[in-house]
Amino acid sequence: MKNLSLLAAAVILTGCSTTSSVNKTEEVVIEPTPQVSEENAPISLTVITNPADSRVRIMNIVPVYQDAIELDAGKYDIEVSKAGYVTYRKWVTVDKKTILTIKLDEKQLSQSAR
């Protein structure tokens with residue numbers, strides 16, 4: 001009986017002392033970072049002017065100019081004007097995102113205007 005009790009205790013202790021190994025595997029999902037290339041970027045035009053309140057017009061299209069206007073690739077007749085300043089007008093080729101900076105020169109008063 002003593003042997004049976006020792007055997008039972010050994011079996012119980014053996015069962016308690018064994019540990020099952022649990023493998024925790026974390027699943028890591030790596031999402032690819034989107035690559036923005038010039039080829040996929042929309043073709044747009046922004047004209048930054050000095051003075052800032054100058055009027056910007058694209059003379060060879062119907063839509064009214066707005067910053068970052070989306071355009072088809074091509075040549076555009078750009079006019080920047082303001083009263084009291086020399087008007088800027090130039091053909092510009094737009095084939096990617098384009099930012100123009102235009103500084104207008106003040107008109108000189110002529111001798112006859114004084």
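The side chains of Asp77 and Arg89 meet in a salt bridge, with an N to O distance of 2.5 Å. Asp77 belongs to strand 4 and Arg89 to strand 5, so this pair ties together parts that are 12 residues apart in sequence. It makes a friendly way into this predicted model, because Asp77 counts as buried at 6% relative accessibility.

**The salt-bridge network**

- A search of the whole structure turns up 4 salt bridges.
- Arg57, Asp77, Glu79 and Arg89 are linked in a network of such bridges.
- Arg57 and Glu79 contribute a salt bridge between their side chains, at 2.6 Å from N to O. That pair links distant parts of the chain, with Arg57 in strand 2 and Glu79 in strand 4, 22 residues apart.
- Glu79 and Arg89 also meet through their side chains in a salt bridge, here at 3.9 Å, N to O. This pair, too, links distant parts of the chain: Glu79 sits in strand 4 and Arg89 in strand 5, 10 residues apart.
- As a general point, side chains of opposite charge can pair when their charged atoms come close.

**Burial of the charged residues**

- Glu79 is buried, with a relative accessible area of 10%, which falls under the 20% cut-off.
- Arg57 is partly exposed at 28% relative accessible area, and Arg89 counts as partly exposed at 48%.
- Leaving aside residues up to four places away in sequence, Glu79 touches Arg55, Val56, Arg57, Met59, Thr87, Tyr88 and Arg89.

**The nonpolar core**

- The largest nonpolar core has 16 residues, and those with the most contacts inside it are Leu45, Val47, Ile58, Ile78, Val80 and Leu100.
- Strand 1, strand 2 (55-58), strand 4, strand 5 (88-94) and strand 6 each give two or more residues to this core. Strand 4 supplies the largest share, 3 residues.
- Ile58 touches Leu45, Tyr65, Ile69, Leu71, Tyr76, Asp77 and Ile78, again not counting residues up to four places away in sequence.

- Three strands form an open sheet in the order 3-1-6, with mixed pairing.
- Strand 3 (69-70) and strand 6 stand at the edges with a single partner strand each, so one side of each is left without a neighbour in the sheet.
- Strand 1 and strand 3 run antiparallel and are joined by 2 bridges. Here, Ser44 has Glu70 of strand 3 as its bridge partner.

**Strand 6 and Thr98**

- Strand 6 (residues 98-103) has a covered face made of Thr98, Leu100 and Ile102, while Ile99, Thr101 and Lys103 lie on the uncovered one. In general, the side chains of a regular strand alternate between the two faces of the sheet.
- Thr98 is buried, with a relative accessible area of 14%.
- Beyond residues up to four places away in sequence, Thr98 touches Ser44, Leu45 and Thr46.
- The side chain of Thr98 reaches the backbone oxygen of Lys96 at 2.9 Å.
- Thr98 and Val47 are 51 residues apart in sequence, yet 8.4 Å apart in space from C-alpha to C-alpha.

Technical notes. Residues numbered from 1 in each chain as written. Predicted model: local features only at pLDDT ≥ 70, side-chain atom pairs only at ≥ 80, totals over all residues. Heavy atoms only, no water. Buried < 20%, exposed > 50% of the residue type's maximum accessible area, 1.4 Å probe, protein only. Helix = DSSP H or I, 4+ residues; strand = E, 2+ residues; numbered from the N terminus. Contact = heavy atoms within 4.5 Å. Core = buried A, V, L, I, M, F, W, Y, C linked by side-chain atoms within 4.5 Å. Pairing = 2+ DSSP bridges. Polar contact = N/O pair within 3.5 Å; in protein donor to acceptor, adjacent residues only side chain to side chain.
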